[in-house]
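Hello,

Here is the structure you will be working with.

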Amino acid sequence: MDSTRLADFVREHPRLFVLTGAGVSTASGIPGYRDADGNWRRRPPVMHQEFTRCEAARRRYWARSLVGWPAIAKAAPNLAHDALADIEAMGFVTRLVTQNVDGLHQRAGSGKVIDLHGRLDRVVCMSCSATLTRSSVQTAMERTNPDFAPRAASVAPDGDADLEIEFDAFEPPGCPRCGGMLKPDVVFFGDGVPRTRVDASFAGLHEASAVLVVGSSLMAYSGYRFCERARDEAKPIAAVNRGRTRADELFELKVEADCVPVLAALA
């Protein structure tokens, strides 16, 4: 029944602006930050200012990431990613904007993707702007921190790991070109989404006839603003999400269910 209602929505509005969040990737083994009420399940992630100004915060981030990254690297697209790629191939998607940083939409075959918050598989130098692969940084950290790599910890969102130890002995990675500070190429909390991505996303929304939100509580304004713009442009919004979202009152249709079977049936 849920997929039938959603299919009717898509037939009526065949040019979709799709916005995805963490709920799309949980079936791939990547946890989300929030519960069904949109509240933090855990300690909020590192803030941009904390990461850039505090060496202890960088040590903690990179040590936990050293343990958590392999789970992200091994994650595979699930049926929700596959379904969205299939729907795009059918011509129903004008743009897919994801708040996730795992790159799984592209690996599933989606081509019209904007990585709103960046990509975890890239690392940038804050001094010389060099770009590195996350896998190369992983190799370098394992070499310089042999006592940390074998540690076991449960996987946390966005390549983090639940590791609480003394981090003073950990050596964070440095830029191989200039020795500068390295940062994952993602938008940390407290930082702004690059204007070019926001503008490209709004352009995709303008071309669309409706919005489909999948697996996002929309608690972060970076995603919620697209629902605000859709409202202002009188474009209907459908959502597939378990639990409360910030935009519930804006939805024409809400399917409160696991997005994997719903999207698979829709496709």
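This is a predicted model: local features need pLDDT of at least 70, side-chain atom pairs count only at pLDDT 80 or more; totals for chains, interfaces and linings use all residues.

Residues are numbered from 1 along each chain as its sequence is written, and side-chain values use heavy atoms, with hydrogens and water left out.

Cores

A nonpolar core here is a set of buried Ala, Val, Leu, Ile, Met, Phe, Trp, Tyr and Cys residues joined through side-chain atoms within 4.5 Å. Buried means under 20% relative accessible area (1.4 Å probe, protein chains only). The largest nonpolar core has 27 residues, and Leu-6, Val-18, Leu-212, Cys-259 and Leu-263 touch the most other members. Among the elements that give two or more residues to this core are α1 (2–12), β1 (16–20), α4 (79–89) and α9 (259–266); helices (H or I, at least four residues) and strands (E, at least two) are DSSP runs, numbered from the N terminus. The most comes from α9, with five residues. A second, separate core of 26 residues includes Tyr-61, Ala-63, Trp-69 and Met-141.

Helix contacts

Axes are lines fitted to C-alpha atoms, for helices over the stretch in contact, and angles run from 0 to 180 degrees between N-to-C directions. The axes of α4 and α9 come within 8 Å and cross at roughly 30°. That makes α4 roughly parallel to α9, a label for angles under 35 degrees. Contact (heavy atoms within 4.5 Å) is made by Leu-79, Ala-80, Ala-83, Leu-84 and Ile-87 of α4 with Cys-259, Val-260, Leu-263, Ala-264 and Leu-266 of α9. By class, this contact has ten nonpolar, no polar and no charged residues. Ala, Val, Leu, Ile, Met, Phe, Trp, Tyr, Cys and Pro count as nonpolar, Asp, Glu, Lys and Arg as charged, and the others, Gly among them, as polar.

For α3 (residues 55–74) and α6 (residues 134–144), the axes come within 10 Å and cross at roughly 120°. Residues in the contact include Trp-69 of α3 and Met-141 of α6. The contact of α3 with α6 divides into six nonpolar, three polar and two charged residues.

Val-186

Val-186 lies in strand β6 (residues 182–186) and is buried, with a relative accessible area of 9%. Not counting residues up to four places away in sequence, Val-186 touches Val-101, His-117, Gly-118, Arg-119 and Leu-120.

Regards

Key: Buried means under 20% relative accessible area, exposed over 50%, partly exposed in between (1.4 Å probe, protein chains only). Angles under 35 degrees count as roughly parallel, over 145 as roughly antiparallel, 65 to 115 as roughly perpendicular and the rest as oblique.
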